[in-house]
Amino acid sequence: MKILQYPHPALRHPAVPLKSIDAKIKGYVREMFDLMYEGRGLGLAGPQVGLPYQVFIMNLRNDADQPPQPEMERAYINPVIFDPKGSVEGEEGCLSFPGLFQKVRRARTIHYQAYNLDGQLVEGTAADLEARVWQHEVDHLRGELFIDKMGYVAKIACRGTLNSFERDFRRAQEKGEIPPDAEIEKLLVDLEADA
């Protein structure tokens, strides 16, 4: 398992709900936390590691200057956001776009529902950074990326960086380091059957 970079097709593939939470899913989640800590991120969604499942993880205490705090780990299965309120612009990055940061407008507060790894329903309200991470990760589950939410000026400013990501990805495919898009799509569909 590894963090996939833009424009990998898995990032645009909408995730399917999980019907059960078994040992395999729990193992995936543990691997996702390890990758997220390695990348110094605050959240990571299934599609970012090639899993077309509605699952994302979060640890808002993953500070670059301190070791991760495992007691702050959260894993959410089949998450739903509702009742967004307010609007705030803030800088976002994404582990699938290393080094790219831009301002994105998001709701200031949200309400959410999801299942935890024990299959229990969790509900709550999130604000500020936690709400931003929730919205960013749930977007991933829909096949939406933070670059889709940027304003016009930000999109122009990062066009060169995105072109570079796209060029590097196609070169890796030409060298056979990454399978062709059609093969990736087939693999994602096959994985969906295990949901």
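Asp 139 touches Arg 106, Glu 144 and Lys 149, not counting residues up to four places away in sequence; contact here means heavy atoms within 4.5 Å. The model is predicted, so local features need pLDDT of at least 70 and side-chain atom pairs count only at pLDDT 80 or more, while totals for chains, interfaces and linings use all residues. Residues are numbered from 1 along each chain as its sequence is written, and side-chain values use heavy atoms, with hydrogens and water left out. Helices (H or I, at least four residues) and strands (E, at least two) are DSSP runs, numbered from the N terminus.

**Asp 139 and helix α2**

- Asp 139 belongs to helix α2, residues 128–141.
- With a relative accessible area of 4%, Asp 139 is buried; buried means under 20% relative accessible area, exposed over 50% and partly exposed in between (1.4 Å probe, protein chains only).

**The sheet**

- An open sheet is formed by five strands in the order β1-β2-β3-β6-β7, with antiparallel pairing; two strands pair if DSSP finds at least two bridges between them.
- The edge strands, β1 (43–45) and β7 (121–127), each pair on one side only.
- On average, neighbouring strands of this sheet are turned by 40° against each other, direction ignored.
- Helix α1 lies across β1, β2 and β3 and runs at about 40° to β2; axes are lines fitted to C-alpha atoms, for helices over the stretch in contact, and angles run from 0 to 180 degrees between N-to-C directions.

**Strands β3 and β6**

- Strand β3 is joined by five bridges to strand β6 (residues 109–115), and the two run antiparallel.
- Phe 82 stands opposite His 111 in β6.
- Lys 85 lies in β3, residues 74–85, and is partly exposed, with a relative accessible area of 45%.
- Leaving aside neighbours within four places in sequence, Lys 85 contacts Ala 107, Arg 108 and Thr 109.
- The C-alpha atoms of Lys 85 and His 111 are separated by 9.1 Å, the two residues being 26 residues apart along the chain.

**Nonpolar cores**

- The largest nonpolar core has 21 residues, of which Leu 18, Met 36, Leu 44, Val 49, Tyr 53 and Ile 57 touch the most other members; such a core is a set of buried Ala, Val, Leu, Ile, Met, Phe, Trp, Tyr and Cys residues joined through side-chain atoms within 4.5 Å.
- At least two residues of this core come from each of α1 (23–39), β2 (55–58) and β3, and α1 gives the most, with eight residues.
- Beyond its neighbours within four places in sequence, Ile 57 is in contact with residues including Val 29, Met 32, Phe 33, Met 36 and Leu 44.
- A second, separate core of 15 residues includes Tyr 76, Ala 107, Ile 110 and Ala 126.

**Helix α6**

- Helix α6 (residues 181–192) has 12 residues and reaches 17 Å from its first C-alpha to its last, close to the expected 16 Å, a span defined as 1.5 Å times one less than the number of residues.
- Ile 184, Leu 188 and Leu 191 are buried in α6.
- Seen down the axis of α6, its buried residues fall within an arc of 60°, so they line one face of the helix; the arc is that of the directions from the helix axis to the C-beta atoms.
- The buried residues of α6 pack against α5 (159–174), whereas the face turned away from the buried side carries the exposed residues Ala 182 and Lys 186.
- Asp 190 is also found in α6 and counts as partly exposed at 40% relative accessibility.
- The C-alpha atoms of Asp 190 and Pro 52, 138 residues apart along the chain, are 9.7 Å from each other.
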